[in-house]
Amino acid sequence: MGEIASVRTNLLSWLALFRLGATARGVLPFLLGGVIAWSRGASIDIAVLLLSSLAVLCVMLMTFLLNEYYDYATDAANEDYHRLSGGSRILPLGLVPRRSVFIAAHVFLALAAGIGLLLYLYYHTGPLTIPLGAVAIFIGYFYTAVPFRWSYRGAGEITIAFSCGWLATATGYYLQASRIDTVATLASLPGSLSVFLVILMNEIPDIRSDTASGKNNLAVRLGTGKVGVLYSVLIILCYAGMIINVFFGVPVISAYLSIALLPLMVWNILTIFRKGLADRAVQEPLSLRTLVFDHLITIIYAVSFILAGLRDMDLSINHLIVL
């Protein structure tokens, strides 16, 4: 029984390290890129879609594992974390050896690189396949790893916004359509802003330990007061971007569906201005609502482009019937 319990604990510890919920945040905008490509007339190669999605998953897992490895001292000193901040807590608790996490991260890196080469050499997905994948790996690897350590130099939020926003969606589109698309770029921008806000909110509880460890992220640099103002401005711009996008080729229905975001946006802004961000009771619910807001944007765009694609297919069928 003791061995079974040990295996179960080890398995659950690795699953916690993988942070599958957060990992999905990198895969979903990538899949959105494929949906947009299909909606705009590209034929979907299922093998390419599955293999490339697996590569994105590997890059995300590499990133989270290296983050756990290099953030060990910071996380160990952190006593103010909540469920969405402060890492998985697995390494500070000693449930998995740090060396094993480091090795696993490089296994996922090798898998992602191998899949990228397979997509380029065997499936002929286009000349940008390797550069786009290399940029994703470079950003993810050095998010906390030396020498760049984006998250320690005030660039972590920007690199995540870029990689989990435009880069993911543009790559998903490119691998199916063999080109970069303006509409896909526009559709990626609200998600870029919203994931920026997710990271920003998750940094708030960790300000004290991050400051002590020299992790100069945006929350540490600005403090809770200015972060609240920045959050409010950016969440409004995020919503406004969804409305503006429909004038430049993004399906109009996305503007109507985005009304579902309004209650969350107003709720979060009012919470910040009434209660501030220093209150521990405010931080976790606000982070959770920001996460929901972020995921809803990807879902709204996926549904909108699917409906637009189905509408165009219906028009094509009607034309064939007339002919």
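Me: Why is the link between the side chains of Ser 194 and Asp 294 called a polar contact?
Reply: The side chains of Ser 194 and Asp 294 are joined at 2.5 Å, and a polar contact is a pair of N or O atoms within 3.5 Å (within protein, one must be able to donate a hydrogen and the other to accept it, and residues adjacent in sequence count only if both atoms are side-chain atoms), so the name applies. This is a predicted model, in which local features need pLDDT of at least 70 and side-chain atom pairs count only at pLDDT 80 or more, while totals for chains, interfaces and linings use all residues. Residues are numbered from 1 along each chain as its sequence is written, and side-chain values use heavy atoms, with hydrogens and water left out.

Me: What makes Ser 194 buried or exposed?
Reply: Buried means under 20% relative accessible area, exposed over 50%, and partly exposed in between, with a 1.4 Å probe and protein chains only. The relative accessible area of Ser 194 is 1%, so this residue is buried. Leaving aside neighbours within four places in sequence, Ser 194 is in contact (heavy atoms within 4.5 Å) with residues including Arg 25, Cys 238 and Asp 294.

Me: How do you know whether Val 195 is buried or exposed?
Reply: Val 195 has a relative accessible area of 4%, and that value places it among the buried residues. Val 195 is also found in helix 8, and its contacts beyond four places in sequence are Arg 25, Ile 160, Ala 161, Cys 164 and Asp 294.

Me: What makes Leu 11 buried or exposed?
Reply: With a relative accessible area of 52%, Leu 11 passes the mark for the exposed class, so it is called exposed. Leu 11 has its place in helix 1, and its C-alpha atom is separated by 9.9 Å from that of Val 96, 85 residues apart along the chain.

Me: Why is the aromatic pair of Tyr 69 and Phe 102 called tilted?
Reply: A search of the whole structure finds 13 aromatic pairs. For Tyr 69 and Phe 102 the centres are 4.8 Å apart and the planes stand at 45°. Rings of Phe, Tyr and Trp (its six-membered ring) pair if their centres lie within 6.5 Å, and planes under 30 degrees apart count as stacked, over 60 as edge-to-face and the rest as tilted, so this pair is tilted. Tyr 69 lies in helix 3 and Phe 102 in helix 5 (residues 98–121), so the pair ties together parts that are 33 residues apart in sequence. Both Tyr 69 and Phe 102 are buried.

Me: What makes Arg 98 count as sitting over the ring of Tyr 69?
Reply: The charged end of Arg 98 is 4.3 Å from the centre of that ring, and a charge sits over a ring if NZ of Lys or CZ of Arg is within 6 Å of the ring centre and within 35 degrees of the ring normal. Arg 149 likewise lies over the face of Tyr 152, at 3.9 Å from the ring centre.

Me: How do you know what confidence the chain and residues 319–323 have?
Reply: The protein chain averages a pLDDT of 92, and 95% of the residues score at least 70, where pLDDT is the predictor's confidence in each residue, from 0 to 100. Over residues 319–323 the pLDDT is below 50, and this stretch has zero contacts in the model beyond near neighbours in sequence. Where pLDDT is low, the predicted coordinates should not be read in detail.

Terms used. Helix = DSSP H or I, 4+ residues; strand = E, 2+ residues; numbered from the N terminus.
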